[in-house]
Amino acid sequence: MAADIGAIGWNWRGTILDSMGLVWPAALEYGSPNAIIAGESPEYVMLYADRFTLREFRARDDLYARYEPIARFSAFGLTDLAPRLEDVDVDWSQDYLIYRRR
């Protein structure tokens with residue numbers, strides 16, 4: 001599942017669950033990335049590394065415990081896979097965390 005399909009869709013050969021609904025309209029029926037994760041249990045999850053998105057994901061212990069962070073793609077060169085909420089942008093930026101289902 002990816003919130004920004006362009007970030008990985010160019011080279012990815014598997015199925016991408018586009019949480020914005022641009023190429024996977026079913027995403028709009030779920031209403032949130034957490035609902036998609038709970039309903040579809042994707043093998044990998046790519047989330048924006050912004051305060052709201054990470055706070056919501058971490059608040060769902062039932063989901064967060066099922067995934068481990070494995071990579072970070074940041075236009076700013078940030079590498080921390082478990083950043084504190086205070087250390088990520090409040091708004092969207094080109095900063096993504098990738099999680100793998102355990």
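Strand S1 is mostly covered, with four of its five residues buried (buried means under 20% relative accessible area, exposed over 50%, and partly exposed in between, using a 1.4 Å probe and protein chains only). Please keep in mind that this is a predicted model, in which local features need pLDDT of at least 70, side-chain atom pairs count only at pLDDT 80 or more, and totals for chains, interfaces and linings use all residues. Residues are numbered from 1 along each chain as its sequence is written, and side-chain values use heavy atoms, leaving out hydrogens and water. Helices (H or I, at least four residues) and strands (E, at least two) are DSSP runs, numbered from the N terminus.

**The sheet**

- S1 belongs to an open sheet of three strands, ordered S1-S3-S2 with antiparallel pairing; two strands pair if DSSP finds at least two bridges between them.
- Strands S1 (44–48) and S2 (67–74) stand at the edges with a single partner strand each, so one side of each has no neighbour in the sheet.
- On average, neighbouring strands here are turned by 25° against each other, direction ignored.
- S1 and S3 run antiparallel and are joined by five bridges; along this pairing, Val-45 stands opposite Tyr-99 in S3.
- S2 pairs with S3 (residues 95–101) over seven bridges, also in the antiparallel sense, and Ala-71 stands opposite Ile-98 in S3.

**Helix H4 and Asp-50**

- Helix H4 (residues 51–59) lies across S1, S2 and S3, running at about 140° to S1; axes are lines fitted to C-alpha atoms, for helices over the stretch in contact, and angles run from 0 to 180 degrees between N-to-C directions.
- Asp-50 lies in the loop between S1 and H4.
- Asp-50 is buried yet has no salt bridge, and the nearest side chain of opposite charge, Arg-55, is 7.6 Å away. For charges, Lys and Arg count as positive and Asp and Glu as negative, while His and the chain ends are not counted.
- A polar atom of the Asp-50 side chain lies 2.8 Å from the backbone nitrogen of Thr-53.
- Setting aside neighbours within four places in sequence, Asp-50 is in contact (heavy atoms within 4.5 Å) with Val-88, Asp-89, Val-90 and Asp-91.

**Salt bridges**

- The count comes to five salt bridges, each defined as a side-chain nitrogen of Lys or Arg within 4 Å of a carboxyl oxygen of Asp or Glu.
- One of them joins the side chains of Glu-68 and Arg-100 (3.3 Å, N to O). This pair links distant parts of the chain, with Glu-68 in strand S2 and Arg-100 in strand S3, 32 residues apart.
- Glu-68 is partly exposed at 26% relative accessible area, and Arg-100 is partly exposed at 33%.
- Not counting residues up to four places away in sequence, Arg-100 touches Glu-43, Tyr-44, Arg-66, Tyr-67, Glu-68 and Ile-70.
- Arg-84 meets Glu-86 in a salt bridge (3.4 Å, N to O) and Asp-87 in another (2.9 Å, N to O). These bridges share partners and join Arg-84, Glu-86 and Asp-87 into one network.
- Glu-86 is exposed, with a relative accessible area of 53%, whereas Asp-87 is partly exposed at 45%.

**A backbone detail at Ser-41**

- Ser-41 lies in the loop between helix H3 (33–40) and S1.
- Although not a glycine, Ser-41 has a positive phi of about 50°. Most residues other than glycine have a negative phi.
- Ser-41 is partly exposed, with a relative accessible area of 26%.

Note on methods
Polar contact = N/O pair within 3.5 Å; in protein donor to acceptor, adjacent residues only side chain to side chain.
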